[in-house]
Amino acid sequence: MVTDATTPTWQLDPDRLLPVDPATRRIARELYGAVAQRPILSPHGHVPAALLRDDKPFADATELFLRHDHYVTRLLHASGFALDEVGVPALDGSRPAAPPREAWRRFCSHWRHFAGTASAYWLRDVFVTEFGITEQPNAVNADALFDRLNTHLATDAFRPRALFDRFDIALLATTDDPLDDLAAHRDLAADPGFRGRVVPTFRPDAYLDPSTPGWHERVARLAERHGTPESSYDGYLAALRERRRYFLDHGAVSADHGVREPLTVEMDHDDAAALFTTLLRGDGTAADARLFAGHMLFEMARMSVDDGLVMTVHPGVHRNHSTDTFQVYGPDTGHDIPVRTEYVQSMQPLLRRFGTAPDFHLVLFTVDETVYSREIAPLAGFYPSVYIGAPWWFLDAPDAVGRFRAATTETAGFYRSSGFIDDTRAFLSIPARHDMSRRLDAAYLARLVAEGRLDEASAHRIIDDLVDAQPRKVFKL
Amino acid sequence: MVTDATTPTWQLDPDRLLPVDPATRRIARELYGAVAQRPILSPHGHVPAALLRDDKPFADATELFLRHDHYVTRLLHASGFALDEVGVPALDGSRPAAPPREAWRRFCSHWRHFAGTASAYWLRDVFVTEFGITEQPNAVNADALFDRLNTHLATDAFRPRALFDRFDIALLATTDDPLDDLAAHRDLAADPGFRGRVVPTFRPDAYLDPSTPGWHERVARLAERHGTPESSYDGYLAALRERRRYFLDHGAVSADHGVREPLTVEMDHDDAAALFTTLLRGDGTAADARLFAGHMLFEMARMSVDDGLVMTVHPGVHRNHSTDTFQVYGPDTGHDIPVRTEYVQSMQPLLRRFGTAPDFHLVLFTVDETVYSREIAPLAGFYPSVYIGAPWWFLDAPDAVGRFRAATTETAGFYRSSGFIDDTRAFLSIPARHDMSRRLDAAYLARLVAEGRLDEASAHRIIDDLVDAQPRKVFKL
Amino acid sequence: MVTDATTPTWQLDPDRLLPVDPATRRIARELYGAVAQRPILSPHGHVPAALLRDDKPFADATELFLRHDHYVTRLLHASGFALDEVGVPALDGSRPAAPPREAWRRFCSHWRHFAGTASAYWLRDVFVTEFGITEQPNAVNADALFDRLNTHLATDAFRPRALFDRFDIALLATTDDPLDDLAAHRDLAADPGFRGRVVPTFRPDAYLDPSTPGWHERVARLAERHGTPESSYDGYLAALRERRRYFLDHGAVSADHGVREPLTVEMDHDDAAALFTTLLRGDGTAADARLFAGHMLFEMARMSVDDGLVMTVHPGVHRNHSTDTFQVYGPDTGHDIPVRTEYVQSMQPLLRRFGTAPDFHLVLFTVDETVYSREIAPLAGFYPSVYIGAPWWFLDAPDAVGRFRAATTETAGFYRSSGFIDDTRAFLSIPARHDMSRRLDAAYLARLVAEGRLDEASAHRIIDDLVDAQPRKVFKL
């Protein structure tokens with residue numbers, strides 16, 4: 001029996017994720033090799049711009065790898081720890097986060113619980129590639145690893161801008177509140193010492209969906225900023241238009257919509273205005289709120305048609321499933337759970353109106369993989385606006401990515417897919433994630449070649465397009 | 001970087017689609033070889049009988065490969081072309097189809113958009129096998145390919161009957177309107193110069209579902225043909241029975257039902273008659289129409305039990321999703337999109353009554369692949385009437401077919417599946433499609449052998465049955 | 001053409017189900033080898049305790065392999081036999097079971113219909129391993145096989161206790177009615193001649209769901225046994241608590257819930273009591289019954305939190321789909337059909353209340369495999385109480401198990417899964433089923449190793465845990 005204390009060292013197989021059949025692996029290796037060093041385009045993610053503006057060292061390994069990564073804390077929670085025990089403090093201070101070293105020990109002693117997960121894949125890659133660590137975490141080496149990581153993190157080579165350069169990130173998109181002044185983006189753009197391209201993303205959900213706590217207050221702040229009465233529906237629309245313009249002026253390429261369901265509703269202007277008034281008064285029902293949110297998603301498409309922001313939709317997640325956990329620790333603490341999602345009916349009003357509008361781009365993401373072959377690929381195979389979003393969240397993992405390609409390519413080819421997005425808060429994992437995607441595309445293409453379905457030269461062109469031309473086109477970079 | 005102008009030549013790998021592992025490939029090669037030359041049985045498709053009766057040369061490559069193949073035009077549309085630009089004219093003449101050569105150029109210059117799709121697989125097979133073309137289409141060779149294909153198409157060897165013989169088609173089923181006089185079928189049967197077997201298929205949807213535009217008029221024409229008052233529900237049923245008999249007399253083996261949902265409703269005769277009257281008067285609600293359509297699907301099963309026509313059901317498609325496109329270009333223009341489909345509850349009334357009726361055959365198709373393991377295989381694993389339809393439409397592609405076998409065989413074996421149907425309008429692609437199916441069955445069976453789950457001799461018997469005995473049994477050929 | 005009369009002999013490939021790639025197979029072989037001989041833990045199944053207490057020889061091959069195995073009889077029924085023709089008698093005696101030898105002949109002559117199914121895999125394993133039979137069943141050898149099997153079954157070596165020892169079963173759980181006196185379990189425990197561990201499982205569905213035929217009578221018997229008035233809701237709850245305690249005292253480790261849908265409802269005590277009264281009076285609607293059943297599932301969780309019984313939930317089956325068959329032959333005759341199932345919303349009331357309760361274990365099974373990646377793995381990846389149930393029923397087959405691991409591991413790792421359960425009535429197939437599971441886990445782990453995603457030493461620890469430590473932990477053995 002192997003115990004935690006004697007876990008073997010890591011070997012980072014240069015052929016990892018490539019097909020095991022030797023002939024197919026040879027093809028995949030060449031495909032991967034051709035794009036392995038290409039710069040990273042990250043058109044959707046959650047790294048804050050201030051991280052790069054301020055360029056401060058990361059506090060410690062727990063802060064960097066555990067606390068903000070709910071892929072990791074969730075599984076530690078499932079293993080029996082309270083969230084504060086692994087670095088996530090209660091909002092009201094009643095349960096402070098465990099000391100970082102203790103949290104780290106807990107993580108290391110439960111490392112085997114991550115075997116086979118996407119998190120384990122990325123973390124291993126980061127530890128080996130960035131830190132030269134080849135020991136698997138365990139109860140015995142936890143302290144030594146913690147110290148070693150922290151020593152690295154204190155050096156200049158591990159400050160955010162140094163990493164940004166080393167990772168060869170050609171573009172990084174952040175995700176921002178519509179009323180954010182984008183000062184960090186502005187500072188970065190003005191900073192002669194930083195040559196990277198960091199662009200904001202307009203994320204208006206909480207201003208559009210009346211069922212979101214605080215919607216009324218946000219609408220009021222939006223009106224105030226815009227200088228229109230909060231009760232004016234036209235002012236509300238104008239304010240949203242103006243904020244989108246502000247984001248565009250600061251380099252934004254897309255607007256992101258994290259809706260519960262991708263319902264779209266085309267509503268008459270006066271009806272929408274009346275409903276807006278009702279909802280602001282607090283008189284609307286849940287059905288009214290749902291309708292209005294669907295209408296506003298429709299309106300966002302209209303604005304994207306007008307101003308050119310790429311529209312991305314990330315639906316289908318039941319947020320904050322464990323209400324007690326939410327109350328104590330807040331959102332994004334690991335209990336957002338996917339639900340069955342329907343696109344064909346829900347998005348028809350939007351697509352009927354804007355599906356063939358010139359230069360409109362609509363990227364559909366999903367965490368319900370049943371829709372890849374049934375709904376999203378057929379939609380993207382007809383509507384010039386629709387692109388198939390890369391596998392997202394729970395599906396952003398080797399086997400799931402393979403299923404995604406197999407489920408979409410036969411209907412829609414490669415050129416209706418979005419290119420990879422990493423969607424991450426975990427800055428250090430960005431290269432590992434993009435590298436994983438390139439390996440998996442190489443693996444899928446190599447199989448097509450080995451099965452006589454595609455010639456090798458075409459496969460080379462496709463993988464090159466998938467890491468560069470395709471995301472540039474889809475996200476208008 | 002490979003450009004369109006330098007795309008490499010095609011090689012048609014004799015082992016294409018077979019498993020890449022050498023030992024498994026050897027087994028698969030033998031299985032495939034044993035059936036590769038077997039005659040083609042095509043018990044469901046959309047080639048018109050007049051094509052073979054008239055035996056006229058195909059007009060040109062665009063007419064043959066693009067215009068009528070919405071698998072192809074849809075993806076060109078998604079790539080940014082209007083449908084008329086790729087050969088599909090507006091119904092009202094306002095946007096005539098582009099000249100065939102121009103449409104062809106657009107197709108060729110976007111060939112890479114098809115990489116990995118089922119269409120690319122079939123087209124390559126047809127181009128290489130039938131025309132000896134080994135250059136991949138691109139912007140440079142488009143004109144030369146067009147001319148070369150057209151030169152072939154003008155020869156006698158490429159007239160429909162010559163192809164029918166060369167393809168070794170033992171049976172071809174067409175799909176026909178219930179009021180079709182089947183003159184083309186009669187002429188073919190009477191023609192001593194044509195020895196093929198071409199049979200009609202009864203497709204009554206538009207006469208059964210009151211929500212179909214023109215339902216009332218069709219019911220009136222049906223009544224007129226039958227000589228009963230249009231308002232008579234009994235006359236309506238009798239007319240349908242009579243038309244089925246007419247089809248049977250002309251060789252039909254099956255009745256095909258392309259319903260939105262496989263709802264079945266057992267309704268009392270008098271209730272059904274009253275509802276029929278209400279709907280004819282135009283007084284029914286959408287719910288009434290749905291109920292009546294469900295009742296008529298039930299009645300079709302009853303008629304199949306009586307007259308022996310195999311009942312095939314193709315549900316789950318939202319037709320004409322882009323309403324603007326539909327209005328300008330008509331139906332079957334690439335925006336029929338699958339929707340989630342439910343069989344277990346929906347078909348229970350039908351199965352409760354007729355599921356074990358002697359000699360009743362009910363073939364269930366799907367474009368929602370989630371139902372293979374959950375619903376269709378378990379139903380076919382119990383009811384002697386139910387057969388699992390071969391992967392259809394969006395699922396008729398290599399990886400999807402693999403998923404189909406893996407999802408159904410473990411519950412229901414091979415002998416509850418329908419055998420392959422090509423369901424195609426694209427006459428020239430028929431051999432490539434059947435060949436693909438045989439390769440994929442060989443691949444799946446070879447894997448079972450290689451994994452020690454099946455002996456090779458049994459695999460040989462099964463693949464032989466799948467291309468011959470099984471479709472003969474299921475479709476009563 | 002191979003005919004039934006010349007079917008080849010079986011070879012039981014020692015590497016069956018392992019990956020075909022030679023390098024991966026080598027890894028898998030070692031992983032499998034390390035656990036192939038480990039004792040069997042069977043924490044959920046349907047073998048009756050009386051079988052082992054009485055230790056009588058099995059009657060004959062038909063009794064043992066056909067009659068009670070609806071995996072087998074269903075497919076024979078689909079092939080055209082009435083159930084009585086293959087050994088299942090009508091309940092009212094109107095259609096007695098065919099003589100065992102005739103039923104056996106029918107099975108043998110249709111053996112090829114099972115090719116590729118899970119049943120064929122298990123049966124072959126049992127025939128070869130336990131009986132040394134290497135001829136595939138066919139019409140010619142049916143009688144000889146029948147005689148040969150029966151000869152073996154008459155020997156002491158094939159009596160239940162001898163098999164129990166030979167199979168090296170460390171624990172076997174039965175499934176029992178809450179009012180069962182568990183005499184067989186008591187006798188077994190008291191029998192110095194039997195050293196095995198056989199534990200009951202509390203299965204209360206028919207006492208909880210008012211829509212179950214006979215619910216009222218069962219509630220009355222429960223009240224009578226407990227000595228409380230049948231109309232007392234508190235008495236009803238107390239009686240259930242008391243019966244769970246009785247089961248615990250007889251060694252039970254879990255309570256199993258075979259609900260139609262996993263709906264849970266938290267209802268106020270007085271509301272629940274009032275609804276109970278209404279339903280007992282027969283005045284409740286179907287919606288009332290659904291609500292009450294949902295509430296009782298919630299209450300069962302509360303009781304599990306209190307008394308420690310592991311809660312297992314097996315939802316999503318439409319029972320007795322063919323109502324005629326049900327009336328003639330009774331339940332469990334092969335026409336229970338899976339339906340789409342939803343867990344995230346349905347179980348939220350339960351999980352909100354008990355999801356993080358100390359020492360509460362909730363194992364979620366499914367026959368709708370779409371929920372593995374979308375719902376169950378994400379739930380199990382957060383809630384410490386939730387474990388992913390092993391593939392069950394229709395999904396308990398090689399390819400389906402592979403899909404299960406691929407769909408769950410990337411989100412939740414290996415340590416949130418339940419370990420294998422065989423869920424079987426077919427006593428002789430238990431070793432074959434557990435062996436299959438071990439082979440498939442070895443295959444999946446070997447692929448992770450071959451793809452550079454996991455080191456071999458960690459894979460060895462994991463497979464060992466999966467057959468021993470994990471089921472011991474999940475089922476509190």
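Student: Why is Val367(A) called buried?

Tutor: Its relative accessible area is 1%. Buried means under 20%, exposed over 50%, and partly exposed in between, with a 1.4 Å probe and protein chains only. So Val367(A) counts as buried.

Tutor: One caution: this is a predicted model, where local features need pLDDT of at least 70, side-chain atom pairs need pLDDT 80 or more, and totals for chains, interfaces and linings use all residues. Residues are numbered from 1 along each chain as written, chains are lettered from A and ligands numbered from 1 in written order, and side-chain values use heavy atoms, leaving out hydrogens and water.

Student: Where does Val367(A) lie?

Tutor: In the loop between strand S8 (362-364) and helix H17 (371-380) of chain A. Helices (H or I, at least four residues) and strands (E, at least two) are DSSP runs, numbered from the N terminus.

Student: What does Val367(A) touch?

Tutor: Contact means heavy atoms within 4.5 Å. Leaving out residues up to four places away in sequence, the partners of Val367(A) include Pro315(A), Gly316(A), Trp392(A), Trp393(A) and, from another chain, Arg374(C). Gly316(A) is 51 residues away along the chain, yet the two C-alpha atoms are separated by 6.6 Å.

Student: Is Asp465(C) buried or exposed?

Tutor: Buried, with a relative accessible area of 6%. Asp465(C) belongs to helix H20 (residues 456-474) of chain C. Beyond four places in sequence, Asp465(C) touches Tyr415(C), Gln470(C), Pro471(C) and Arg112(A).

Student: What makes Phe202(A) and Phe247(A) an aromatic pair, and of which kind?

Tutor: Rings of Phe, Tyr and Trp (its six-membered ring) pair if their centres lie within 6.5 Å; planes under 30 degrees apart are stacked, over 60 edge-to-face, the rest tilted. Here the centres are 5.2 Å apart and the planes make 80°. So the pair is edge-to-face. Both residues are buried.

Student: How do you know that the pair links distant parts of the chain?

Tutor: The two residues are 45 apart. Phe202(A) is in the loop between strand S3 (198-199) and helix H10 (205-208), while Phe247(A) is in helix H12 (residues 233-249). Over all chains, the structure holds 90 aromatic pairs. One aromatic cluster in chain A includes Trp10(A), Phe65(A), Trp104(A) and Phe158(A).

Student: Which ring does the charged end of Arg416(A) sit over?

Tutor: That of Tyr387(A), 4.4 Å from its centre. The test asks for NZ of Lys or CZ of Arg within 6 Å of the ring centre and within 35 degrees of the ring normal.

Student: What makes S1 and S3 of chain A edge strands?

Tutor: The open sheet has 3 strands in the order S1-S2-S3, with parallel pairing. Strand S1 (40-42) and S3 each have a single partner strand, so one side of each is left without a neighbour in the sheet.

Student: Why is the relation of chain B to chain A that of a three-fold axis?

Tutor: A rotation of 120° with 0.0 Å of shift along its axis superposes chain B on chain A, with RMSD 0.0 Å. That is what a three-fold axis does. In chain B, Asp21(B) has the C-alpha nearest the axis, at 3.6 Å.

Student: How do you know that chain B and chain C meet through different surfaces?

Tutor: Only 6% of the interface residues of chain B are also interface residues in chain C, so the surfaces differ.

Student: How much area do chain B and chain C bury between them?

Tutor: About 4000 Å², 54% of it on carbon and sulfur atoms. Buried area is the accessible area (1.4 Å probe) that two parts lose on being put together, summed over both. On the chain B side, Arg374(B), Phe382(B) and Glu410(B) lose the most, together 20% of what that side buries. The contact takes 47 residues from chain B and 51 from chain C.

How values were computed
Least-squares fit on C-alpha atoms with pLDDT ≥ 70 in both. Pairing = 2+ DSSP bridges.
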